Amino acid sequence: MSLQVEDGGLLLRVRDDGRGLRPEAVVEGGSHLGLAAMRERAEQAGGWLRLSGAPGAGTTVEAWLPLPA
């Protein structure tokens, strides 16, 4: 897990080396309501959420939120 200031905001990155995600989960959160809710909240705050991973290759979740001016 890392948290850093980047491009005027905070970038949170969480990686694991677990079983990974199915491709449909990476595209738009698939049927995972928790992932969809996290993406929606990040976007409402002016940021974004990205998922990457593949079966057997672990998962990375990144979220960026802007810092107040």
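Tutor: From the N terminus on, the elements of the protein chain run β-β-α-α-β-β, where helices (H or I, at least four residues) and strands (E, at least two) are DSSP runs numbered from the N terminus. The model is predicted, so local features need pLDDT of at least 70 and side-chain atom pairs count only at pLDDT 80 or more, whereas totals for chains, interfaces and linings use all residues. Residues are numbered from 1 along each chain as its sequence is written, and side-chain values use heavy atoms, with hydrogens and water left out.

The patch consists of Met 1, Leu 3, Val 5, Leu 10, Leu 12, Val 14 and Leu 67, with an area of about 680 Å². Accessible areas come from the Shrake-Rupley method with a 1.4 Å probe, and for residues only the protein chains shown count as cover. Patch residues have over 30% relative accessible area and no salt bridge, and nonpolar side chains (Val, Leu, Ile, Met, Phe, Trp, Tyr) are joined within 5 Å, like charges within 9 Å. A salt bridge is a side-chain nitrogen of Lys or Arg within 4 Å of a carboxyl oxygen of Asp or Glu.

Strand 1 (2–6) and strand 2 (9–16) each supply at least two residues of the patch; the largest share, three residues, comes from strand 2. Val 5 lies in strand 1 and counts as exposed because its relative accessibility is 62%, given that exposed means over 50%, buried under 20% and partly exposed in between (1.4 Å probe, protein chains only).
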